[in-house]
Structure formats: structure tokens, C-alpha cells
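Me: I'd like to go through this one with you, one question at a time. Could you take a look and walk me through it?

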Amino acid sequence: MSLMVDHNPCARELVSAFGLQIRRTILSKCKRSFRWDSPKAAIISNFHLPMHSHEFKTRTSVEDIKRLRLITAIKTPYLPNGKFDLVAYDSLIQMQIANGVEGVVVGGTTGEGHLMSWDEHITLIAHTITCFGAILKVIGNTGRNSTREAIHAAEQGFAVGMHAALHINPYYGKTSMQGLLFHFESVLPIGPTIIYNVPSRTVQDIPPSVIYSIAENPNVAGVKECMGIDRIGEYVARGLTIWSGNDDECIDARWVSGKNGVISVASNLVPRLMQELMFKGANPSVCRKLSPLFDWLFSEPNPIGVNTALAQLGVIRPIFRLPYVPLPFEKRVSFVKIVETIGRENFVGEKDVQVLEDDDFILLSRS
């Protein structure tokens with residue numbers, strides 16, 4: 001049979017590569033017609049990984065997530081070779097559990113998920129679920145600038161058993177308000193989700209109009225909000241579940257504005273005191289004690305402060321993945337004084353707090 005390839009580049013390419021005899025009917029499949037559709041018409045329906053009936057029965061409900069008061073944005077420790085120090089990580093989480101923390105965000109800003117490969121990220125979520133998922137709720141940070149990456153990461157996170165996802169709005173390559181809606185509407189069908197609004201990092205506020213629109217989705221557990229007490233109060237009045245994203249505002253937000261709780265950085269260090277503040281009222285003396293710690297922790301962008309503090313407490317090795325570097329020597333001296341004022345017994349770990357010299361720290365540029 002003669003090959004009809006003379007005027008068909010697609011067929012010539014196939015014949016050249018494979019020596020195939022192609023019928024006229026197969027050649028017709030190589031022809032393509034192109035038609036432009038408007039952006040709205042071109043949106044493809046969501047397709048997510050299938051879930052077996054057993055997985056549906058064992059998955060955490062949105063209501064279970066809404067009940068959480070104290071969630072720690074957990075730190076990820078490293079070994080000198082750049083791999084995760086899972087012994088230190090497990091120990092840190094056990095300290096959280098022992099002091100009343102109800103959930104952890106894995107691979108968030110504090111956990112440096114943005115410095116991880118996706119293999120590392122999903123592996124850490126899976127490890128946390130395997131070891132601690134029966135004791136506390138595991139919320140995987142699967143937010144990304146790219147919607148397709150955010151969808152893929154959320155599918156993988158729920159496939160390994162995480163209880164909820166944390167999704168940020170697309171950063172750097174910012175989109176429109178309509179784009180924000182489409183982004184969140186694309187990831188929400190996958191499972192229970194906390195929306196994270198932190199304009200200081202994304203340089204784009206998620207306005208109330210967007211939050212109210214997506215809050216109608218049954219998978220929205222609530223919002224981690226960093227835009228202050230007034231915004232939190234507005235949401236609480238509308239019946240939304242809100243966690244403060246700022247440790248220095250969490251006390252007023254909890255007991256004045258009536259928000260749900262906090263997703264905390266400071267609870268890596270002082271989980272028992274943070275638990276008291278979220279469950280036992282706005283104790284003025286505890287507030288006064290913790291205020292200098294909050295100021296110190298965020299004197300440089302998170303997670304620089306908490307990384308430095310945990311190293312000084314001997315809970316993790318003094319190892320940083322660049323571009324993060326430890327706080328300067330004077331700040332490390334200040335931290336020792338803060339620990340002494342609050343009381344070493346209120347901090348995680350059992351070793352004496354140390355200043356640490358610059359040479360004690362290892363900075364990893366590749367791992």
C-alpha cells in the first residue's frame with residue numbers, strides 16, 4: 001500500500017521515526033484545527049484524583065478543622081548534609097502535643113516549604129501523618145503561585161492522608177480578582193482548606209469580597225488572616241472561622257474579636273503559654289511576658305527568628321538553608337535575656353539556652 005506522506009509533515013515524521021505504514025484514516029488524525037475560545041468558555045472542569053470509599057469515610061471533616069484553637073506552624077530542622085533531621089522534627093512535634101497544641105502546618109513559611117522540592121514536601125507531610133496523624137491534625141501547605149501546581153500538591157497531600165490544605169493566593173505573578181476566584185475554586189474541591197491571606201509576602205490582599213464568595217464552598221474551613229483585628233472582627237461577625245496569622249495580635253483577636261484561634265510561630269518555642277492564652281483567657285501577665293519575645297521573633301522576616309531561637313535552645317542543630325541566615329550576635333544575646341525573664345521552663349527543650357558563635361552555624365547553599 002502506498003503511503004500518503006508527501007504533503008503531510010506529521011506523517012513523514014512518524015514514518016521516519018518508526019517506519020510505520022499509515023493509512024489515510026490515521027493520517028487524518030494528524031490534522032488539527034484550532035479555535036480560540038474566550039477565557040471563561042475555555043475553563044476546563046476540575047478533574048481530581050479519585051478517592052476510594054474507605055478514604056472518604058476516614059477523612060477529616062471541615063467541622064473538625066474549624067474546632068482547632070492552637071495550630072503551630074512547625075519548623076523543619078536539617079542535618080549537616082541538608083536532609084531533614086526527622087529525629088529533631090519528631091521531638092519538636094512531641095513537645096507541641098505534650099503542651100496542648102491541636103494541629104501543625106507542615107511546610108508553611110515557618111517550615112520553609114518554599115525551599116523544598118515537592119518530593120521533600122509531600123514526604124514530610126506523609127511522615128507527619130504516619131507518626132502523629134492520630135493525635136493531632138496535620139495541615140499541609142500546598143499553596144503555590146501556579147494553580148496547576150497547587151492542585152497537584154493538594155491531590156498528593158490528601159492522598160498521603162493530610163487532614164486539610166493551606167492555600168495562599170498566587171504571589172509574584174499576581175492575578176486579578178477574577179483570577180483569584182478561579183484559582184481558589186480550582187483547589188477547593190479536593191478537600192478541607194484553610195485560606196491564607198498574608199499581603200506582606202504576596203503583595204496582594206485577598207479582599208473580603210473574594211473571601212465571602214469562596215466561603216460558600218463547603219470545603220472552606222476558614223481563613224488564616226494577617227490583616228489585623230478590624231478585618232478579623234468583620235469576618236467573625238459574618239460567621240466565618242478565622243485564625244490569626246500574627247502572634248502579636250492573637251490575644252486581642254481571640255478574646256476581643258472572638259476569632260477561632262491562632263496559627264502560631266511562637267508556639268514552636270512556648271507552646272504551653274500559647275495554649276493558656278488560647279484556652280484560658282487573655283492573662284495580662286502572660287501577655288506582658290510574651291510581648292518582647294514576639295517583637296524579637298519578627299525583628300527579621302520569619303522564619304529567621306524561630307530558627308535562631310530553636311538552635312540556641314538546643315532543640316535543633318544550628319543549620320540554615322540559604323537564603324536564611326541566623327540573627328546577629330547581639331540579637332542572640334538578647335534572646336538569652338528574654339528566656340531568663342520568661343523562664344527557661346516555659347520553653348521547649350531541656351538544654352541551657354546559649355548565645356552561639358557565628359562559627360557554630362552551618363549555612364547550606366546546596367543539599
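Me: Which residue stands opposite Trp243 in β7?

Reply: Bear in mind that this is a predicted model. Strand β7 covers residues 242–244 and runs parallel to β6, joined to it by 3 bridges. The residue opposite Trp243 is Lys224.

Me: And what is the bridge partner of Asn197 in β6?

Reply: Here we're looking at the pairing of β6 with β5, the strand made of residues 193–197. These two pair in the parallel sense, over 5 bridges. For Asn197, the partner in β6 is Glu225.

Me: Why is β6 described as largely enclosed by the rest of the structure?

Reply: Strand β6 takes in residues 220–225, and the cut-off to apply is relative accessible area, with buried meaning under 20%. The strand counts as largely enclosed because of how many of its 6 residues are buried: 6 of the 6.

Me: Which helix makes a β-α-β unit with β6 and β7, and what is the handedness?

Reply: The two strands run parallel. Together with a helix spanning residues 229–237, they make a β-α-β unit that is right-handed. The helix is α11.

Me: Zooming out, what share of contacts between residues at least 6 apart in sequence join residues at least 24 apart?

Reply: The chain has 16 helices and 10 strands, and 51% of its 367 residues are buried. As for contacts between residues at least 6 apart, the share joining residues at least 24 apart is 68%.

Me: How much of the accessible surface belongs to carbon and sulfur atoms?

Reply: The chain's accessible surface comes to about 17900 Å². Of that, the carbon and sulfur part is 53%.

Terms used:
Residues are numbered from 1 along each chain as its sequence is written. This is a predicted model: local features need pLDDT of at least 70, side-chain atom pairs count only at pLDDT 80 or more; totals for chains, interfaces and linings use all residues. Side-chain values use heavy atoms; hydrogens and water are left out. Helices (H or I, at least four residues) and strands (E, at least two) are DSSP runs, numbered from the N terminus. Buried means under 20% relative accessible area, exposed over 50%, partly exposed in between (1.4 Å probe, protein chains only). Contact means heavy atoms within 4.5 Å. Accessible areas come from the Shrake-Rupley method with a 1.4 Å probe; for residues, only the protein chains shown count as cover. Two strands pair if DSSP finds at least two bridges between them. A crossover is right-handed if, with the strands pointing away from the viewer, the path from the first strand over the helix to the second runs clockwise.
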